[in-house]
Amino acid sequence: MDFLTNEKLTIIGAAGMIGSNMAQTALMMKLTPNICLYDPYAPALEGVAEEMYHCAFEGVNLTYTSDIAEALTGASYVVSSGGAARKAGMTREDLLKGNAEIAVQLGKDIKQYAPNVKHVVVVFNPADITGLIVMLYAGIKPSQISTLAALDSTRLQNELSKYFAVPTSQISNCRTYGGHGEQMAVFASTATVNGKSLSSYIGTDALPENEWEAIKQRVIQGGKHIIDLRGRSSFQSPAYMSIKMIAAAMGEKPFTWPVGAFVTEGKFKNILMAMETTVNADGVSYKYPEGTAEEKAELENSYKHLCDLRDEVIAMGIIPSLDKWGELNANIG
């Protein structure tokens with residue numbers, strides 16, 4: 001069987017809906033034959049593994065364990081959905097303290113058991129903050145970690161597809177930047193519909209201002225809408241997109257939807273947030289987004305919101321003050 005790589009992929013939180021879908025997606029995409037599923041909840045984890053075995057994937061070495069040392073030892077790639085899921089009425093930020101503590105332990109575990117890890121994808125919310133925490137405690141380079149923010153951009157594409165009644169193939173370069181939360185910046189200037197700039201539609205009969213504002217709100221509340229419809233948080237879309245990110249890090253086609261990346265210089269430094277990014281075999285790289293003055297102001301507000309969350313985590317004692325980050329992770333200048 002032809003696989004993208006033979007290196008070990010560890011999926012954390014594999015007993016959950018996102019994690020189990022990650023496992024199946026990775027196996028269907030033939031990323032690697034060596035996949036380890038981890039979850040502290042052993043009975044459900046065994047159930048997921050049994051289902052994967054019943055699929056009869058050929059040539060795979062699928063293992064499962066509730067021992068984090070076993071799960072991470074030898075892992076080159078790690079993807080984690082192993083935090084508390086969002087429930088009805090909750091924002092991503094409501095998960096902050098509990099999932100931040102989980103992120104601390106994950107970072108420490110990666111540093112101890114997977115020192116040669118090549119790339120980590122963090123999915124559990126608030127991903128901008130949990131990803132930052134994992135990076136600090138794992139001691140990895142900023143290019144070695146990315147977080148799932150792409151769903152916001154794909155949700156924008158979906159909303160435009162529905163509004164204009166055209167296939168998504170006719171809508172290009174949809175972009176949201178900043179935080180993966182209520183304060184995200186939804187850009188219009190980058191996108192095109194039928195080859196025409198989305199901005200040129202806004203304020204016309206084709207897309208009145210109030211309709212555009214409604215679309216933006218539906219994008220921002222896209223995850224909440226799934227909870228309202230299904231009674232549980234998203235799992236199929238985050239599973240697929242995160243495994244596509246891991247595939248890109250393994251050397252498959254680059255992943256070019258915006259993802260969360262740690263910003264090392266410029267006005268948005270010292271935060272992890274969605275930028276104009278590419279994930280490939282070299283890791284994640286980013287550029288500052290281009291947009292209108294109004295869009296850039298929205299992005300600055302999103303950055304300030306993330307800084308407030310970061311500072312809240314610092315105040316909790318979960319991560320040290322900025323001036324001590326280099327002591328925790330030598331790759332942070």
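**Exercise 1.** Decide whether Ala 165 is buried or exposed.

*Solution.* Start with the value: Ala 165 has a relative accessible area of 68%. Next, apply the cut-offs: buried means under 20% relative accessible area, exposed over 50%, partly exposed in between (1.4 Å probe, protein chains only). Ala 165 is therefore exposed. Now place it: Ala 165 lies in the loop between α6 (150–164) and β7 (171–172). Helices (H or I, at least four residues) and strands (E, at least two) are DSSP runs, numbered from the N terminus. Last, check the backbone: phi of Ala 165 is positive, about 55°, although the residue is not a glycine.

This is a predicted model, where local features need pLDDT of at least 70, side-chain atom pairs count only at pLDDT 80 or more, and totals for chains, interfaces and linings use all residues. Residues are numbered from 1 along each chain as its sequence is written, and side-chain values use heavy atoms, with hydrogens and water left out.

**Exercise 2.** Describe the backbone and the surroundings of Lys 30.

*Solution.* Take phi: for Lys 30 it is near 55°, a positive value in a residue other than glycine. Most residues other than glycine have a negative phi. Then locate the residue: Lys 30 sits in the loop between α1 (17–28) and β2 (34–38). Finally, classify it: Lys 30 is partly exposed because its relative accessible area is 36%.

**Exercise 3.** Find the residues joined by a cis peptide bond with omega about -10°.

*Solution.* The bond joins Asn 125 and Pro 126. Pro 126 falls in the loop between β5 (119–122) and α5 (127–138). For comparison, most peptide bonds are trans.

**Exercise 4.** Work out which helix gives the largest share of the lining of the second largest pocket.

*Solution.* First, the term: on a 1 Å grid over the protein atoms alone, a pocket is an open set of points where a 1.4 Å probe fits, with protein on both sides within 12 Å along at least five of seven lines; lining residues have an atom within 4 Å of a point. Count the lining: 17 residues, of which Arg 155, Asn 158, Gly 222, His 225 and Ile 226 lie nearest the centre. Then list the suppliers: α6, α8 (209–220), α9 (222–230) and α10 (236–249) each give at least two residues. The largest share, six residues, comes from α6.
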